[in-house]
Amino acid sequence: MIPTSQPTTTDNSNKPIIAFIGAGNMAEAVIGGLYASGHPPSHLRFSEPFDERRRYMESKFSECMSGTDNNEIIKDADVIILAVKPQVIRDVVSALNCESNALIISIAAGIRTEDILRWLKTSQPLVRCMPNTPALIGEGAVGLYATESVSETQRDTTVGIMSAVAKEVMWVEKEPLIDTITGISGSGPAYYFLFMETMTQAGIDAGLPEEQSRALTIQTCLGAAKMAQSSEHDLSTLRKNVTSPNGTTEAAIKSMEADNIRQIIKDAVFSAERRGKEIADEMGKN
Ligand SMILES: NC(=O)C1=CN([C@@H]2O[C@H](COP(=O)(O)OP(=O)(O)OC[C@H]3O[C@@H](n4cnc5c(N)ncnc54)[C@H](OP(=O)(O)O)[C@@H]3O)[C@@H](O)[C@H]2O)C=CC1
Ligand SMILES: O=C(O)[C@@H]1CCC=N1
């Protein structure tokens, strides 16, 4: 009997070819996550007009195809990820020649699917996605909205891509909720950084060495987040568990409540959400 030959290389034929338009921070995070998850580099491409940035990305992802011509990069792609700033997306999308049924994923803050489809002049399957920068270390949180023409397989492909960089990947049924997610997790890392910056500075002002204040602040944030993630208790119970009657935490929380901390945070989230809609209105005019 003649032995059947065994393949010696991994079969990559079922992995989608993914083309990134714009190779900035977010594209770097997603390409990095896909690399680490074993996505074949030959199936990853990016275009980037800024020479210095492109060279940096080429040195980091040397096996990927790269260039400056967006239409060259999207040829034969199964998935096209729009990773440019909202202010340039209209010009970028209007110049694309999408002839295939490739899935398009836009990560641009605010920009609505109806505008992207109008600029594309096709009824391409389109997903609107809101990732965040912790994706750079595989700790992202991602919200997704699919237009009608996105198939179940393309939904699975989208989740597969985003799961390479995120621990939470979730669909919403109504597109405006992507703006809400922008206010929560898209912009959210900056709120926590601001909180940590301020807390570190308070420690320094009170006499702690910067290194100690920074380390204590960061570990406290991380510890609280991990507790919140693993605990069976809700967030307010966890807060109350730290707060002894007439103790130190109570004094701190009372001080924050007196300064209207809850309203401050809600206003911040709604400001980000509103700004997303404003960006969409500004860019969607034409
Ligand atoms: N940063 C964040 O926390 C998050 C960002 N987003 C969204 O992700 C998108 C990308 O953001 P981010 O990665 O931070 O931005 P970056 O500015 O880092 O990346 C965008 C890249 O696109 C390049 N670019 C500009 N014009 C073109 C073009 N015509 N063709 C191809 N590439 C082009 C830019 O080059 P050049 O510098 O030369 O202009 C830049 O390198 C934005 O729409 C943003 O709203 C979503 C969630 C979180
Ligand atoms: O600030 C911004 O517009 C982008 C989108 C979400 C986070 N950063």
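Author: The residues of the shell around ligand 1 comprise 16 nonpolar, eight polar and three charged. Here Ala, Val, Leu, Ile, Met, Phe, Trp, Tyr, Cys and Pro count as nonpolar, Asp, Glu, Lys and Arg as charged, and the others, Gly among them, as polar. This is a predicted model: local features need pLDDT of at least 70, side-chain atom pairs count only at pLDDT 80 or more, and totals for chains, interfaces and linings use all residues. Residues are numbered from 1 along each chain as its sequence is written, while chains are lettered from A and ligands numbered from 1 in the order in which they are written.

Reader: Which of the 27 residues around ligand 1 come nearest?

Author: A residue is near a molecule if its C-beta atom, placed from the backbone, lies within 6 Å of it. In this model G22, G24, F50, A108 and A109 come nearest.

Reader: Which helices each supply at least two residues of that shell?

Author: Helices are DSSP runs (H or I, at least four residues) and strands likewise (E, at least two), numbered from the N terminus. Those helices are α1 (25–36) and α4 (86–94).

Reader: Which residues of α1 are buried?

Author: A buried residue has 20 or more other C-beta atoms within 10 Å of its own, an exposed one 12 or fewer, and a partly exposed one a count in between, with C-beta atoms placed from the backbone. In α1 the buried residues are M26, A27, E28, A29, V30, I31, G33 and L34.

Reader: Is S230 buried or exposed?

Author: S230, in helix α9 (residues 210–230), is exposed because 7 other C-beta atoms lie within 10 Å.
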